[in-house]
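Okay, thanks for coming, everyone. Let me put the structure up on the screen, and then we'll walk through it piece by piece.

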Amino acid sequence: MKLTLKIWRQDGPTAKGRFETYEMPAVVPDMSFLEMIDVLNERLIAEEAEPIAFDHDCREGICGSCSMMINGIPHGPERGTATCQLHMRKFKDGQHITVEPWRARSFPIIKDLAVDRSPLDRIIEAGGYISAPTGAARDANEILIPKEAADAAMDAAACIGCGACVAACPNGAAQLFTAAKYSHLSLLPQGQPERWTRAIGMVDEMERWFGSCTNFGECETACPKEISIDFIALLNRDYIKAQFKNRRLSGQKS
Amino acid sequence: MSTINLDSKIPAGPLEDKWDNHKFSVKLVNPANRRKFRVVIVGSGLAGASAAATLGELGYHVQLLTFHDSPRRAHSIAAQGGINAAKNYPNDGDSVKRLFYDTIKGGDFRSREANVHRLAQVSVNIIDQCVSQGVPFAREYAGLLDNRSFGGAQVSRTFYARGQTGQQLLLGAYQALARQIHLGNVELHNRTEMLDMVMKDGRAVGLVARDLITGAIHSYSGHAVVLATGGYGNVFYLSTNAMASNVTAAWRAHKRGALMANPCFTQIHPTCIPASDEFQSKLTLMSESLRNDGRIWVPQNAEETRSPEQIPDSERDYFLERMYPSFGNLAPRDIASRASKRQVDVGKGVGPIKNGVYLDFDEAINRLGAPVIEERYGNLLQMYERITGEDPYKMPMRIYPAVHYTMGGLWVDYNLMSNVEGLYVLGEANFSDHGANRLGASALMQGLSDGYFVLPATITDYLAPQLGEAPISTDDPIFKQAEAAVRDRTNQMVAIKGTHSPDHFHRELGKIIWEHCGMERSAESLDQALAEIPVLREQFWNDVRVLGDTESFNQSVEKAGRVADFLEFGEELVLDARRREESCGGHFRVEYQTEDGEALRNDDDFAHVAAWEWEGEGNEPTLHREPLVYENVHLATRSYK
C-alpha cells in the first residue's frame with residue numbers, strides 16, 4: 001500500500017507546531033498503525049531527522065498510552081479500537097492520513113504526538129477509590145454481588161484511561177472517563193459508604209481541569225472500550241443527589 | 001571475589017508456621033514513628049503500587065517513581081487470564097498445601113519451599129483484599145465468586161475479571177495508591193526513570209533518575225530502596241512485554257553489587273499470535289484460559305493444504321491431549337510450548353508461513369453455544385480478529401509460543417531484601433517464587449503478595465534500628481558523583497553519532513538470544529551467543545545513532561540506555577544458561593533430555609540458585625550458589641501424563 005501521512009510535529013511544549021508530510025511507499029496491510037510509525041521513525045533516523053515522539057507501550061489496547069487523532073478521530077476509524085490495535089488493512093491504497101496529538105486544552109503537548117494527561121490521575125485521587133486499607137478485608141465471598149451488578153461494574157471498569165473521550169469532546173469534557181470510574185465503584189456494594197463523597201470529590205476535581213459535558217455523545221463513539229454514556233447519567237444524578245444527601249442516614253438501605 | 005554470604009534467612013520451624021513465626025520475630029516500627037521513615041519505590045505495577053499504597057496506609061513516607069505518564073500504565077495491566085488463590089470455593093480438593101505443591105512442581109523444583117508456601121498462604125488474603133477494593137471479579141448468578149482452571153493444576157482456583165484480570169487488579173492497587181497520594185503519604189514522580197542506585201557504607205541509600213520530560217537528572221534518597229521494575233523478557237526483542245519494559249533498574253542495581261539470580265529461567269508462553277512480518281514490534285499473548293475450552297492441534301500430514309474446517313477429525317493430531325492425557329490442553333507452559341515448537345519444526349506448522357498450531361473452539365462452540373464462549377473469552381477473540389483479520393468463531397486460531405515472563409531476577413532473601421542491605425526487590429524483578437517455570441495466574445498472585453503483604457511485614461526489621469537517623473542528603477558527594485556518571489553516560493551515547501538506531505541493535509540482540517538461547521539451548525548454541533553478543537555491544541558503542549539532545553523529552557535517549565543495558569545483561573543470561581548443565585522448566589538444554597524428549601534435571605549438581613556477581617566490564621561475573629533444601633517435598637520427575 002502507498003500512503004501519504006501528514007503528521008503534527010512540535011519540538012516542545014512552548015514551541016510552535018507544524019504539519020509535516022511523509023510519503024509511505026510500501027505499507028504492509030498486516031502492520032499495525034504504530035508499526036507503520038515505527039518504520040517511518042527508522043527511516044527518519046537513517047535520514048538524520050529526529051523521530052516522531054508518541055506515547056505507546058503495551059500495544060494490546062489495554063494500557064491506554066497510545067493517543068493519536070487519525071483523520072480527526074481519536075484512535076482512528078475503527079470502532080472500539082485503540083490506535084495500537086488499528087491495522088493498516090482498514091485503510092485504502094493511496095489514502096491521505098492526518099495524524100495529530102489529542103486535541104484538548106487540559107492535555108498540553110509535550111512533544112509531537114505526546115501529551116500530558118495527568119489531570120485524569122487527579123480525578124482518581126479525588127475520590128476514585130474504595131478506602132480499603134490492606135489487611136482489613138473480610139472473606140471475599142461474604143460480599144454477595146449479583147452477577148448483573150458485577151457485570152455492569154465491569155462494563156464501566158473496562159476504561160483504559162486513554163483520554164480519547166476528552167479529545168473527542170467539543171467541550172474537552174472528561175465526563176465519560178469520570179463516570180466510568182465513578183460507576184464501576186458506585187455500582188458495587190463495597191462502594192456504597194463513600195458513594196456521595198466520591199460523587200462530589202470526583203466531579204469537583206474534574207470541573208477544575210476540564211470543560212463541561214453538554215451531551216454531545218462524541219465520547220462514546222470514540223471510546224476504544226465502547227463505554228456507554230448511560231454511566232454519565234448515573235454520575236450526574238448522583239452528583240445532584242449528593243448535594244442534599246443526609247450522610248448520617250447513609251447506613252440505611254435507600 | 002568478594003565475601004558474599006548468600007543467607008536466605010528462611011525462618012526455622014515447620015513449613016506451615018514459618019511465616020507466622022517470622023512476623024512475630026521481626027522488629028516493628030510504632031505508628032507514630034513511621035512518618036519519620038522514607039522509602040523510595042521504583043515501579044508502579046502490581047508489586048510497586050500495592051507496596052506504595054500499603055506503606056502509605058501504614059504511615060511511612062513513600063516516594064514512588066514510574067517512567068510511565070501514569071502509574072496505571074504499568075505492564076501488569078495487560079495480564080489477561082486470572083489470579084490463583086487457594087480458596088477452595090469450588091470444593092474440588094484445593095488447599096494451601098496443594099497450591100504450594102503445584103507451584104513447586106510447576107517450577108520444576110528450583111524454588112524455595114518457604115517462599116512458595118508463604119505465597120500460597122497469602123493468596124487467600126489477596127482475593128479478600130481485592131474484592132474489598134472493588135475489583136469486579138466474575139460472579140455466579142447467586143453473587144458468589146466464579147473460578148476457572150489454569151495450566152499445571154487439576155483444580156479450579158483461578159479468579160478472573162473477564163480477560164482483563166491484570167487491568168482490574170492493577171486499577172485496584174492504583175486506586176489505593178491514588179488515595180495515599182491524595183493524603184500526602186505517597187509522593188508520585190511520573191515520567192521519571194531510575195538510571196542508577198546509590199550506595200553508602202554498603203547500604204542502598206537512594207537512586208538517581210532522569211526526568212523524562214526535561215531530561216534533568218535528580219537524586220532520591222530514603223531509608224530503604226524498593227525495586228518493583230518488572231521482568232527482562234524484552235532482551236529477546238520480540239516478546240509479549242510492553243515496549244518500554246526493560247532491565248535497566250535491576251541491571252543498575254546489579255552493577256552496584258546486587259546479585260542476579262537464575263537469569264536463564266525465561267518463560268515461553270505457548271499461546272501467542274504468531275509473528276506476521278519483519279516489522280512486527282511485539283507479540284500478543286492470547287490468555288492461557290483459552291486452553292480451558294480450546295483444543296490444540298496440527299494436521300497429521302505435514303503436506304496438508306486444506307483449510308482447517310475441511311480436515312476431518314481423524315486426520316488431526318491433538319498432540320497435547322495425546323501426549324499428556326490427564327492434563328491435556330492444560331499442560332504447563334514450558335511443556336506445551338516445546339510440544340508446539342516440535343510440531344512446527346517437523347513441518348506441521350499452520351498458517352501462511354507455517355509458524356503456528358491451531359487452537360480450536362469448534363467443539364466448545366458446539367457443546368456450549370457461541371454466546372457462552374463469547375461471554376468467557378469475547379474480548380480475547382475480538383483482539384485476535386483485530387490483529388489477524390480472521391474470525392475465531394469460524395476459523396481455528398493460530399498460535400505459537402513467545403517469550404512472556406522471566407522467572408529469574410535479582411536475588412532476594414526471605415524478607416525480599418537483596419544481598420545489598422536496604423535494597424528490596426518485588427514482583428517479577430526478583431527471582432524468588434517460580435523456580436524454573438511459572439504457572440499461569442501466579443504472576444499476579446506473587447506481585448500482590450510481595451507488595452500488599454510481604455514487604456510491609458518484613459521492611460520494619462530493617463527500618464526500626466534506623467530510628468532517629470535522617471536519610472543521606474541528596475547533596476552528599478556520593479549522589480553528586482552518581483548524577484555526574486549518569487549524565488556522562490547519556491551524553492556519551494548521543495555523542496557517538498553512528499549510523500544505526502537503538503532499535504536496530506535491540507533487534508539484532510533479540511535474534512541472537514532467541515536463536516541460541518530460546519526454547520531449546522545447547523552448549524554449542526550458547527557458546528555461539530557468547531561470542532556474538534560482545535561484538536554487537538562493541539558495535540553499539542561505536543555506531544549507535546541517538547538524535548536530539550539529552551535535555552528534553554527524547555525517546556531515543558531512553559531507548560538507547562535500555563538497549564545498552566540489555567546488551568550487557570544478555571551475555572550474563574546466556575552465561576547462566578551455559579553453566580546450568582541440566583534441563584529444568586523453561587530452561588531446556590538439548591543435551592539433557594529423557595528418551596521421550598522431556599526435561600532431564602540434575603538434582604545432584606544443580607538443585608541450587610545460581611546468583612551472579614558483577615565483576616566489572618570485560619570480566620566474567622562470579623557465580624555464587626544458594627543450595628535449595630527440600631524438607632517437605634520429594635524431588636520427583638514432573639509428569640503431566
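Predicted model: local features only at pLDDT ≥ 70, side-chain atom pairs only at ≥ 80, totals over all residues.

So, α2(B) passes α11(B) in a right-handed crossing. Residues are numbered from 1 along each chain as its sequence is written, with chains lettered from A and ligands numbered from 1 in the order in which they are written.

Back to that pair. The axes of α2 (residues 46-58) and α11 (residues 443-463) of chain B come within 8 Å and cross at roughly 25°. That makes α2(B) roughly parallel to α11(B). For the words: under 35 degrees is roughly parallel, over 145 roughly antiparallel, 65 to 115 roughly perpendicular, and the rest oblique. Axes are lines fitted to C-alpha atoms, for helices over the stretch in contact, and angles run from 0 to 180 degrees between N-to-C directions. Helices (H or I, at least four residues) and strands (E, at least two) are DSSP runs, numbered from the N terminus.

Who touches whom? From α2(B), B:L46, B:A47, B:G48, B:S50, B:A51, B:T54, B:L55 and B:L58 meet a set in α11(B) that includes B:L444, B:G447 and B:Y452. Contact means C-beta atoms, placed from the backbone, within 7 Å. That contact divides into 10 nonpolar, 5 polar and 1 charged. Nonpolar is Ala, Val, Leu, Ile, Met, Phe, Trp, Tyr, Cys and Pro, charged is Asp, Glu, Lys and Arg, and the others, Gly among them, are polar.

Now the sheet in chain B. It's open, 5 strands, parallel pairing, in the order β5-β2-β1-β9-β17. Pairing takes at least two DSSP bridges. At the edges sit β5 (186-189) and β17 (423-425), each pairing on one side only. On average, neighbouring strands are turned by 20° against each other, direction ignored. And α11(B) shows up again: this helix packs on the sheet, touching β9 (224-227) and β17, and its direction makes about 150° with that of β9(B).

Zoom in on β2(B), residues 61-65. All 5 of the 5 residues are buried, so this strand is largely enclosed by the rest of the structure. Buried is 20 or more other C-beta atoms within 10 Å of the residue's own, exposed is 12 or fewer, partly exposed is in between, with C-beta atoms placed from the backbone. B:H61, B:Q63 and B:L65 point one way, B:V62 and B:L64 the other. On one side, β2(B) pairs with β1(B) over 5 bridges, in the parallel sense, and B:Q63 is the bridge partner of B:V40. With β5(B) there are 4 bridges, also parallel, and B:V62 stands opposite B:V186.

Next, α3(B), residues 96-106: 8 of the 11 are buried, so that helix is largely enclosed too. Its buried residues pack against β3 (83-84) and α4 (113-133) of chain B. After the helix comes B:D108, with a positive phi near 55°.

Last, the chain contact: 67 residues of chain A are in contact with 62 of chain B. α1(A) gives the largest share of the chain A side, 6 residues. That side splits into 32 nonpolar, 17 polar and 18 charged.

Note on methods
Contact = placed C-beta atoms within 7 Å. Left-handed = near helix turned anticlockwise from the far one by under 90°.
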